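Here are my notes for you to read alongside the model. Keep the structure open and find each residue as it comes up.

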Amino acid sequence: MDRGQIHYELFVRRNPTSGWVLDLATEDRSRAVETAEALLEAGHVAAVRVCKEVLDPETREFRSVTILNKGAPERGKQKKAVENREPLCVSPQDLYTVHARERIGRLLDNWLLRQRATPFELLHRADLVEKLDASGVELQHAVQKVAVPEAQARGVGVHEIIRTFQTLIERAISRLIKDQRRGAFPDFHKENFASAVERLWNEPERGYLLGAGVAAYLAGSTSWNEKIGRLLDLAEKAPMENGGRVAALSALEQPLAEIVGGKAGLGDLLGADLDLGDTLAAITRLAGARAVEALIQMEPSVAKVMPQLPPAAARLATWLDGGQFDSVRAALAQRVLRELVGPRRLKPGDPEAEIACLRALAMALTAADGRILQLEDVHTAFTTRSATLVASDFVESLLGKQRGAREEVETLAHLAENVTGAANKRQAARWLGANISALKFEKEMRYGPDTPPAKLAALATLQRSIDRLGLPDEDRDLLKGRLGEIGGHVEADARLVLLLTRAEAPIVHKLNLLLRLAIGEAAPLGPAADRARIEALKLTRAPELRQEIARSPQAAEKVRDLLRTAGLAA
């Protein structure tokens, strides 16, 4: 039977109560099984199942055979809870909740963008609702988009839902216009913000009234940056006593979170010309100012990646660092998390810069643990993003066409060091193994222009770097062994150990060079190091060595240290 008619599918359950989800389909049985074991061992999933799928040539249907099933047992499906069919919004006040504002923002996204306004402003400014009501089409389309799924969920007619929403909208508009006309809203151009908060303290709808005053204060702003500046101006004028300050900052936090959470507002705040990597770096610096600034002072690599914050963003960062506006920081964190697990490249066209950017982001988010994202969320996000780094398109883009074989291996080692997650580490090891085992790499190391000692030193450096990559033990040992074999060929071709033992040089000097080869410092561990070790052991028994050591105690101490390292000391 053709190999193409058999493949293996890996299914996973993220937690004991979730269903099976296809994670991988491959023709390589060992890859499917190894990936399953790695995911389960790393704790990323609750259970794994690998199935062998065989195509029947007559029926053209697949027969499935389970070859691996491990993890938490599947729990019985819980009885579906009875859905609450009551409408979510029954009064104008319901439209001012966080979830309602989010829904309004999605339904009227384009209209709000054209008006350079947020859902918060729409709900608190009579001039905006009158403009929206006069447009007719925008509001009608929004109602229709939300009415259809609502009607299906509640089991009632679409027209009935539309009439209900239209009545609710008319009540909300009438209420807002009426309150505007009777002068119920504070005017912060005329009245001090702190005084208004104190005056409205006992009002049952204090948040609504303050919000209308804030929205009116933002009217006339020509940019999102100007709106943020005006909100922070009011924040600086907020009352100092605890109760009044909480109410004041809460009224400012809602529009601030909506501006910063929107693509246009954040782009205006940080700079519209930033790519996704620079944007995420700037968001991280904005949300975790103190921790990130401290990291920048210690890590030059992070300083290179983190862009300077514009004045408006730096001003906001000071407020966020002071513990105010938690929902603003949460909006920024969600943006970072959403983009990290998304498919977009951080540095399109520059894979090396993308690796550097991700490394700096990981360090900054870890340093700001809890201020932006929890460590568990950071690890999950970077594991997901790492999967894109070991994909074939990214690796091909990273290696390019102008690199030598040794440089390709060094580049892949750097990539492997900067990915996280057991499955991703294993995939990075496969890329490394394929290149190290390639004839191109062996030929370059054996017959390239460098001197034999330089080649052996390069192979030793590569071999030592493998230990820092965090690869599975099996892959690590395989890679180190292959580098050792190539080192053995290089040494045998040049007969370096033999030439060293026959060289006209002081015996201490020869022993020193042989021991450096034997301990993996000047040659990779393997055949070359073993041959150097044998010759070094012979030299330790030579009478000339004792005579030379007696004349030079300093040389004796150096040789003793190398002997201990090589395991040859008595």
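**Notes on a predicted model**

1. Let's start with Leu 108, which is buried, with a relative accessible area of 5%. Remember as you go that this is a predicted model. Leu 108 sits in the loop between helix 2 (98-107) and helix 3. Leaving aside neighbours within four places in sequence, Leu 108 is in contact with Leu 122, Leu 132, Glu 138 and Ala 142. Take Leu 132: its C-alpha atom and that of Leu 108 are separated by 9.8 Å, with the two residues 24 apart along the chain.

2. Now go to Trp 111, found in helix 3. Is Trp 111 buried or exposed? Trp 111 has a relative accessible area of 4%, and because the cut-off for buried is under 20%, Trp 111 counts as buried. Not counting residues up to four places away in sequence, Trp 111 touches Leu 122, Leu 128, Lys 131, Leu 132 and Glu 138. For a sense of distance, the C-alpha atoms of Trp 111 and Ile 6 are separated by 53 Å, and these two are 105 residues apart along the chain.

3. Arg 116 deserves a look for its backbone. Most residues other than glycine have a negative phi. Arg 116 isn't a glycine, yet its phi is positive, near 50 degrees. You'll find Arg 116 in the loop between helix 3 (109-115) and helix 4 (119-124). With 35% relative accessibility, Arg 116 counts as partly exposed.

4. Phe 325 is another one to check. Its phi is positive too, about 60 degrees, although Phe 325 is not a glycine. Phe 325 lies in the loop between helix 16 (311-321) and helix 17 (326-340). What is the relative accessible area of Phe 325? The value is 4%, so Phe 325 is buried.

5. Phe 325 also turns up when you look at the nonpolar cores. The largest nonpolar core has 148 residues, and those with the most contacts inside it are Leu 286, Phe 325, Leu 432 and Phe 441. Apart from that one lies another core, of 11 residues, including Tyr 8, Val 12, Ala 36 and Val 45. Back to Leu 432: setting aside residues up to four places away in sequence, Leu 432 touches Val 409, Leu 412, Ala 413, Ala 416, Ile 466, Leu 469, Leu 471 and Leu 479.

6. Which residues of helix 20 are buried? They are Phe 394, Val 395, Leu 398 and Leu 399. Seen down the axis of helix 20, these buried residues fall within an arc of 125 degrees, so they line one face of the helix. An α-helix has 3.6 residues a turn, so residues three or four places apart point the same way. The face of helix 20 turned away from the buried side carries the exposed residues Asp 393 and Glu 396. What do the buried residues of helix 20 pack against? Their partners are helix 18 (351-367), helix 19 (375-389), helix 21 (405-417) and helix 22 (422-436).

7. Next, a pair of helices. The axes of helix 24 (residues 452-466) and helix 25 (residues 473-494) come within 10 Å and cross at roughly 170 degrees. That makes helix 24 roughly antiparallel to helix 25. On the helix 24 side, the residues making the contact include Leu 456, Leu 459 and Ile 466, while on the helix 25 side they include Leu 479, Leu 483 and Val 490. The residues of this contact divide into 10 nonpolar, three polar and four charged. Two of these names, Ile 466 and Leu 479, are also touched by Leu 432.

8. Ala 528 is in helix 28 (residues 527-540), and at 2% relative accessibility Ala 528 counts as buried. Not counting residues up to four places away in sequence, Ala 528 touches Gly 487, Gly 488, Glu 491, Val 497 and Ala 523. Ala 528 and Trp 111 are 72 Å apart in space, C-alpha to C-alpha, and 417 residues apart in sequence. Ile 177 belongs to helix 7 (residues 158-181) and counts as buried at 15% relative accessibility.

Terms used: Residues are numbered from 1 along each chain as its sequence is written. This is a predicted model: local features need pLDDT of at least 70, side-chain atom pairs count only at pLDDT 80 or more; totals for chains, interfaces and linings use all residues. Side-chain values use heavy atoms; hydrogens and water are left out. Axes are lines fitted to C-alpha atoms, for helices over the stretch in contact, and angles run from 0 to 180 degrees between N-to-C directions. Helices (H or I, at least four residues) and strands (E, at least two) are DSSP runs, numbered from the N terminus. Angles under 35 degrees count as roughly parallel, over 145 as roughly antiparallel, 65 to 115 as roughly perpendicular and the rest as oblique. Contact means heavy atoms within 4.5 Å. Ala, Val, Leu, Ile, Met, Phe, Trp, Tyr, Cys and Pro count as nonpolar, Asp, Glu, Lys and Arg as charged, and the others, Gly among them, as polar. A nonpolar core is a set of buried Ala, Val, Leu, Ile, Met, Phe, Trp, Tyr and Cys residues joined through side-chain atoms within 4.5 Å. Buried means under 20% relative accessible area, exposed over 50%, partly exposed in between (1.4 Å probe, protein chains only). The arc is that of the directions from the helix axis to the C-beta atoms.
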